Amino acid sequence: MSQNHTDPIPATDHAPVESLMHEHRLFAPSAEFVAQANVSDPAIYDEADADPEAWWASWAEKLSWVEPWTTVCEFNAPDAKWFVGGKLNVCYNCVDRHAEADPNRRAIVWEGEPGDDRTITFGELKDEISQLANALKAMGVGKGDRVSIYMPMVPELAMAMLACARIGAAHSVVFGGFTAESLQERTNDAQCKAIITADGGWRRGSAVPLLKITRAALELGCPTVEKVLVLRRTGMDEIDRHDERFVSWHHVVPEQSTDCPCEPMDSEDMLFILYTSGSTGKPKGVVHTTGGYLTGVSATAKLVFDLKPDDLHFCTADCGWITGHSYIVYGPLANGATVLMYEGAPDTPDKDRFWQIIEKHRATILYTAPTAIRTFMKWGDEYPNRCDLSSLRLLGSVGEPINPEAWIWYHETIGKGNCPLVDTWWQTETGAIMVTPLPGITVAKPGSATHPFPGISIRVLTEEGHGPDIRGPKAEPASSGFLVIDRPWPSMTRGIFGDHDRFIKTYWSRFDGKYFAGDGISLDEDGYLWLLGRVDDIMLVAGHNISTMEVESALVSHPAVAEAAVIGKTHDVKGQAISAFVTLRAGIHGDEALEKTLKKHVGEKIGPIARPDDIFFSAELPKTRSGKIMRRLLRDVAEGRALGDTTTLADPSVVNALKNVYEDKEG
């Protein structure tokens with residue numbers, strides 16, 4: 001996500017037009033899909049651009065408000081307020097109003113790793129959330145308090161988020177794979193009054209000891225925490241009955257009344273804090289508020305995923321990340337759709353876990369990450385081919401730019417060529433999707449996120465701040481630069497909790513009055529946008545700007561390569577030289593001959609300037625628990641530096657193994 005840059009960012013005004021931008025394969029939605037699409041008229045872009053405030057207000061009006069707003073937007077960069085004076089409750093909008101209309105309609109379908117499952121209707125969800133909310137109030141939690149949520153991917157996690165929203169307490173979800181130190185740091189920064197956790201959660205056949213980790217966090221010191229509510233999931237641990245801070249969910253919550261009125265919240269009241277790591281410094285507590293955030297996620301869920309009330313929306317993210325917040329819990333439920341949650345990993349009990357879940361529950365929408373897609377490619381077609389995926393009608397990609405060949409595999413092997421594919425760009429800080437196809441309108445290009453969402457204005461700026469503004473499909477001369485957003489949008493973050501100066505410095509200082517996302521972007525001659533990854537992932541090689549994503553795409557297009565991560569390392573002559581870390585497909589051995597072949601392949605795909613100096617073969621690449629490759633750690637390895645923060649790594653041993661490979665080769 002966006003970071004506080006301390007090093008000069010390479011200029012991009014003379015960047016070559018990347019070979020990625022010469023992608024000419026086009027995929028239009030079928031006539032059948034267009035006929036039923038939520039939006040099929042391209043005029044939506046012009047309508048939104050003509051009066052963006054009125055357009056966003058039309059989406060806010062679809063929500064249920066306790067009191068109407070008086071002003072749509074007040075903006076004095078970087079400070080924004082949306083739907084000023086209006087009052088509403090997020091839980092009411094996501095649960096109660098649907099329970100009132102149709103209490104027997106499914107809200108959550110859940111699949112546990114051991115094979116247990118559960119279906120919860122909107123009526124049942126309203127009652128269980130109300131009981132949980134009353135339990136929180138009995139523990140002393142009220143409007144304006146903050147609550148840490150440290151749980152596995154069980155329905156009670158979504159209930160905990162919504163129960164906080166119901167009573168006006170802001171939640172801070174901490175991913176259930178984080179350490180005690182990470183939980184302590186986030187809990188203390190947010191000054192949380194309570195923690196909601198579980199005894200454990202299942203992952204790859206083992207129970208993750210969440211309660212044990214929570215105890216360790218408290219022992220490190222969490223002075224503001226008064227109560228810890230503990231759900232029994234695995235039976236691996238018991239609360240200490242002699243410690244009055246610990247409360248058993250199963251003893252307390254079911255005893256509560258199902259009557260719990262929703263607290264009216266000001267549109268600008270805080271809904272949640274979500275922490276995102278930077279390259280340096282402590283995690284940033286990104287703040288999102290009530291009315292604008294819910295407007296943004298409900299509108300994007302409806303249009304980007306063509307969401308219908310009878311859809312079963314399978315977003316594979318964890319609720320510890322913004323994708324889980326926006327497109328498992330708040331966006332789909334605000335639209336009254338059914339969400340599919342799963343616990344565990346995609347390879348347990350077997351590598352067809354996702355496909356078995358889709359077949360069993362007849363999921364209609366799949367939203368997952370390029371890292372997962374490339375892993376599925378590596379495992380082979382046999383796993384999806386053994387399952388019936390005919391219920392799928394739309395695919396989505398999120399988290400990082402998707403390689404064109406991974407896009408094609410996803411479209412053909414998983415979607416059978418019949419499902420529109422929405423490749424989306426957005427951030428924790430933006431709250432909702434910002435660049436995306438609209439599946440009933442957009443002719444997709446593999447690897448391109450295509451166009452800004454209606455109402456969003458993207459700038460492609462040079463170092464000096466020059467470049468076109470892009471609003472919807474728009475043909476301009478091809479250009480590359482920094483991704484900048486130059487007008488407010490409802491779901492934008494309102495700041496970093498407790499550190500407004502850092503907020504300004506990180507996001508608003510490079511281009512005056514404009515939000516700098518920290519990513520590079522290119523616009524091709526057809527008006528399609530190509531995300532190039534973090535600007536510190538754009539290498540300056542002999543005066544030429546080369547995207548790590550472009551080189552990675554070239555490597556992955558070779559049949560021997562399953563996955564690749566590319567970084568630039570310091571070079572006395574070139575400024576930066578390209579080092580590639582490559583994972584091969586099953587059964588292929590990396591040797592000097594293959595290294596030469598791959599270097600030649602990249603040179604032929606992009607040009608001699610992009611040919612890697614080094615290629616290192618590795619069984620695994622260092623990834624966060626959310627599946628993103630941590631390229632900054634690869635730079636640390638390549639530069640011989642001490643490793644930076646590794647707390648978000650899924651498997652820290654991977655970096656040490658890479659260091660050994662690198663040092664053996666370099667030595």
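**Aromatic rings up close**

A cluster is formed by F75, W489, F503, Y507, W508 and Y515, which are linked through ring pairs. Please keep in mind that this is a predicted model. Over the whole structure, a search turns up 36 aromatic pairs. One of them joins Y327 and Y367 in an edge-to-face arrangement, with 6.1 Å from centre to centre and 85 degrees between the planes. This pair bridges distant parts of the chain: Y327 belongs to helix α11 (residues 322-334) and Y367 to strand β18 (residues 365-368), 40 residues apart. Y327 and Y367 are both buried.

Now for another pair, Y342 and F354. Their ring centres are 5.3 Å apart and their planes meet at 85 degrees, so this pair is edge-to-face. Here too distant parts of the chain are linked, with Y342 in strand β17 (residues 338-342) and F354 in helix α12 (residues 353-361), 12 residues apart. Y342 counts as buried because its relative accessibility is 8%, below the 20% cut-off. F354 has a relative accessibility of 3%, so F354 counts as buried as well.

Of its 667 residues, 63% are buried. Among contacts between residues at least 6 apart in sequence, 72% join residues at least 24 apart.

How values were computed. Residues numbered from 1 in each chain as written. Predicted model: local features only at pLDDT ≥ 70, side-chain atom pairs only at ≥ 80, totals over all residues. Heavy atoms only, no water. Buried < 20%, exposed > 50% of the residue type's maximum accessible area, 1.4 Å probe, protein only. Contact = heavy atoms within 4.5 Å. Phe/Tyr/Trp six-rings, centres within 6.5 Å; stacked < 30°, edge-to-face > 60°. Helix = DSSP H or I, 4+ residues; strand = E, 2+ residues; numbered from the N terminus.
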